[in-house]
Amino acid sequence: SPPEEVEDASEPTKRDRSHLENTLKLNEEKPADDVSGVLQRLRKIYHSSIKPLEHSYRYNELRQHEITDGEITSKPMVLFLGPWSVGKSSMINYLLGLDNTPYQLYTGAEPTTSEFTVIMHGPKLKTIEGIVMAADSARSFSPLEKFGQNFLEKLIGIEVPHKLLERVTFVDTPGIIENRKQQERGYPFNDVCQWFIDRADLIFVVFDPTKLDVGLELEMLFRQLKGRESQIRIILNKADSLATQELMRVYGALFWSLAPLINVTEPPRVYVSSFWPHDYNPETHRDLFLKEEISLLEDLNQVIENRMENKIAFIRQHAIRVRIHALLVDRYLQTYKDKMTFFSDGELVFRDIVEDPDRFFIFKSILAKTNVSKFDLPNREAYKDFFGINPITSFKLLSQQCSYMGGCFLEKIEKAITRELPDLLGSIGLGKKPNVLSCDVTGCGETPKNRYRKP
């Protein structure tokens, strides 16, 4: 009857949250598995076997990616991306149960989040200025200083005493505004997004089915997500605001518009649900939405459970890139030394090599080495810029980077890649029981696969 409807409109019914607590294991009082020993060993391997070579060949100048101790010990990071007003902040409020508490993030129809907001664990509610976060080297955010003071004013940290945040950190981003307002932001928005994308363990790209518009800014974003496909989850949020037939059309349209942007054999998983505390609209697919939500929570839980494996794999991947960079610089330097005669002009000789490295088989000779994939080779153009800043004469050959006590840099990094890091990975797997997921909970949808764990 109409009077009841009016009452409903003023106070929508809230959804049961028990599935959230069960799937994310928020009520379990089990002690967090002690990973400090593994982290110490990981730091030691990084500092003794990887960093010396990274430093010696200025890898940071090529990739702009220096790994800090804060990054090695940081929790898994979940990044929320997407156009404005699709429900990113509401989703974080919902997952953490922050609605109607002093902790909740602002939400609304207008673009409300103009900052990069990092939601992390703390003993009591506290807001931290970006400038303070960047100055604290124990946190993993100190490298953000390079984006300038304008950006740091748009970075904010919120500490919340919540069980889930003991194991994971959320990052809410400003919505992508589809009208080329890039320049007006006053800081390099795409570069900042890239920094977070490179470090995220899970990337939720959120869409609103009622205003699906894939414009230039979103295309740019998907270009930045290349190579991170296994971390991406696409969320079609507010799904209960459409009738079933309309929702299916939107689902098709979303895939159609994203297909050219994500060209991988396995498309990213799309979750269709409504991530906020209010009950689903009547006459929509409640069961489907709930199953989808539980699948997404399991995905999140898997990332938390596998954080150490992912961290070791990340450091190992970094070491492989550092090694290839060192081999390349060494090869450029060897070629330069071979071409130089007493009467040559060093700059001209080197310009020849940098302009056409293929004539001197620089990249080919690296591929002939063991364990080098052509897919890991950096771009030739990148080395023109790199040597523009770092003269070739400022480097030493790999054969000269050895000491009687410390051994050779190259041997140490190779030992880390082939033996030490895989051994460390093996030592974690021993104490873990495999997760058994029951079909009642998941509907036997696909359970997230861990890319790093050995079968």
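Which residue forms a salt bridge with arginine 380? This predicted model gives the answer in the first of the close-ups below.

**View 1. Arginine 380 pairs with aspartate 358.** The closest N and O atoms of these two side chains are 3.0 Å apart. With a relative accessibility of 34%, arginine 380 counts as partly exposed. Aspartate 358 is partly exposed too, at 40%.

**View 2. Glu355, Glu381 and Lys384 make up a salt-bridge network.** Here the view takes in three linked residues. For the whole structure, a search turns up 11 salt bridges.

**View 3. Glutamate 305 and lysine 25 meet in a salt bridge.** The N to O distance is 3.4 Å. The two partners are 280 residues apart, so to speak a link between distant parts of the chain: glutamate 305 is in helix H12 (residues 286-305), and lysine 25 is in the loop between helix H2 (18-23) and helix H3 (36-56). Lysine 25 has 24% relative accessibility and counts as partly exposed.

**View 4. Lysine 238 forms a salt bridge with aspartate 208.** Their closest N and O atoms are 3.4 Å apart. Lysine 238 lies in the loop between strand E7 (232-236) and helix H11 (244-258), and aspartate 208 in the loop between strand E6 (202-207) and helix H10 (216-224), so the pair ties together parts that are 30 residues apart in sequence.

**View 5. Helix H11 has a buried side and an exposed face.** Leu247, Val250, Leu254 and Leu258 are the buried residues shown here. They cover an arc of only 60° around the axis, which puts them on the same side of H11.

**View 6. The end-to-end span of H11 agrees with expectation.** At 1.5 Å a residue, the 15 residues of H11 should span 21 Å. The end C-alpha atoms of H11 are 21 Å apart, so the two values agree.

Technical notes:
Residues are numbered from 1 along each chain as its sequence is written. This is a predicted model: local features need pLDDT of at least 70, side-chain atom pairs count only at pLDDT 80 or more; totals for chains, interfaces and linings use all residues. Side-chain values use heavy atoms; hydrogens and water are left out. A salt bridge is a side-chain nitrogen of Lys or Arg within 4 Å of a carboxyl oxygen of Asp or Glu. Helices (H or I, at least four residues) and strands (E, at least two) are DSSP runs, numbered from the N terminus. Buried means under 20% relative accessible area, exposed over 50%, partly exposed in between (1.4 Å probe, protein chains only). The expected span of a helix is 1.5 Å times one less than its number of residues. The arc is that of the directions from the helix axis to the C-beta atoms.
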